[in-house]
Amino acid sequence: MSDGDRPGVGDRLSFGDRLAAAMTASGRLCVGIDPHAELLASWGLADDAEGLRAFGERVVAAAADVVGVVKPQVAFFERHGPAGMQALAEVQRSARQAGLLVIADAKRGDIGSTMAGYAEAWLDPAAPLAADALTVSPYLGVGALAPAVQAARTHGAGLFVLGLTSNPEGQDVQLARSAAGATVAGEVAARVAELNAAGGRPAGDQPSPAPLGDLGLVVGATTAPLAAEHGIDLTAGRPPLLAPGYGAQGADVAAMRAGFGEAWERQVLVNASRGILRAGPAERDLVAAMEAAREDLDG
Ligand SMILES: O=c1ccn([C@@H]2O[C@H](COP(=O)(O)O)[C@@H](O)[C@H]2O)c(=O)[nH]1
């Protein structure tokens, strides 16, 4: 099946609509494809491009009937240079052909035409590294992401803007306050809300409940409680919220439910990488780990 045959790409459904459909059908678990060197070794795979490819294809095969979304961690493929990136391209293509949405976790961010270059590299369905969505950094300014926002709209793709990341070191910067009292993460969330409102359906043509936006935020499963504590509104503009930190980084469902509050029910896509991948290498064991996580998150 070509990319053009996949529902939601050829017919240009928005990313928000495609993600909402995937979450309704398959739940809120997003499986990370993170081929750490230790995991490759414990799976009996070489730490080379062929090992990455075999690892990624195994995760895709296990995920295809259990979840709707996967998130390859680009860094682990980039480690192996062009051959690693070729493996990533093949794994992403397999995932999309299997009907999975792919979020490339590359955390790109730059200015002007350079940002446009990144956006075309990851969001154009005809590009070798085509993904359905890309993680991006707002630290050159949310406005500097405009070329990526434009590319996302053109290609029916999505962006996840780093908001309140799962690592504790992020808070120095992300919870810093402007003279007017707004936190950096709060300002990023407000700008993403504006962009979702500006790119959404015309007023009067809004289904109820409001659809998911095409532009999301990364908010750690571990750091979600800080949003409410610091007055950061995660519901404005209905951004999908990509939440890493479940499992290996210690966040559990009770903490996420409390931390995300009103957003939990329909906006939060929870990533698990090592928490699932450590169950490998057997495909049936990966499937069992994904099913258990789904039950935990959605049951
Ligand atoms: O704030 C962030 C943003 C991205 N990540 C990425 O998610 C996965 C988490 O892996 P686990 O093994 O489930 O901890 C990984 O690719 C990170 O780079 C994040 O953890 N926090």
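A residue is counted as buried here if 20 or more other C-beta atoms lie within 10 Å of its own, and as exposed if 12 or fewer do. The structure shown in these views is a predicted model.

**View 1. The buried side of helix H11.** Helix H11 comprises residues 253–260, and its buried residues are Met256, Gly259 and Phe260. These three residues cover an arc of only 85° around the axis, and therefore lie on the same side of H11. Their packing partners are H10, S7, helix H12 (264–267) and S8.

**View 2. The opposite face of H11 and the residue that follows the helix.** Ala254 and Ala258 are exposed residues, carried by the face of H11 that is turned away from its buried side. After H11 comes Gly261, which has a positive phi, near 55°.

**View 3. The surroundings of the ligand.** The ligand is surrounded by 19 residues, and the closest of them are Thr165, Ser166, Pro244, Ser273 and Arg274. Two elements give two or more residues to this shell, namely strand S8 (268–272) and helix H13 (274–277). By residue class, the shell around the ligand consists of 12 polar, four nonpolar and three charged residues.

View 4. Most peptide bonds are trans. The bond from Gly280 to Pro281, by contrast, is cis, and its omega is near 15°. Pro281 belongs to the loop that lies between H13 and helix H14 (283–298).

View 5. A negative phi is found in most residues other than glycine. Lys107 is not a glycine, yet its phi is positive, near 45°. This residue is placed in strand S3, which spans residues 101–108. Lys107 is classed as partly exposed because 17 other C-beta atoms lie within 10 Å.

**View 6. Arg238, a loop residue with positive phi.** Arg238 is likewise not a glycine and has a positive phi, of about 45°. Its location is the loop between helix H10 (224–229) and strand S7 (241–243). Arg238 has 23 C-beta neighbours inside 10 Å and therefore counts as buried.

Methods:
Residues numbered from 1 in each chain as written. Predicted model: local features only at pLDDT ≥ 70, side-chain atom pairs only at ≥ 80, totals over all residues. Near = placed C-beta within 6 Å. Helix = DSSP H or I, 4+ residues; strand = E, 2+ residues; numbered from the N terminus. Nonpolar A, V, L, I, M, F, W, Y, C, P; charged D, E, K, R; others polar. Arc of directions from axis to C-beta. Contact = placed C-beta atoms within 7 Å.
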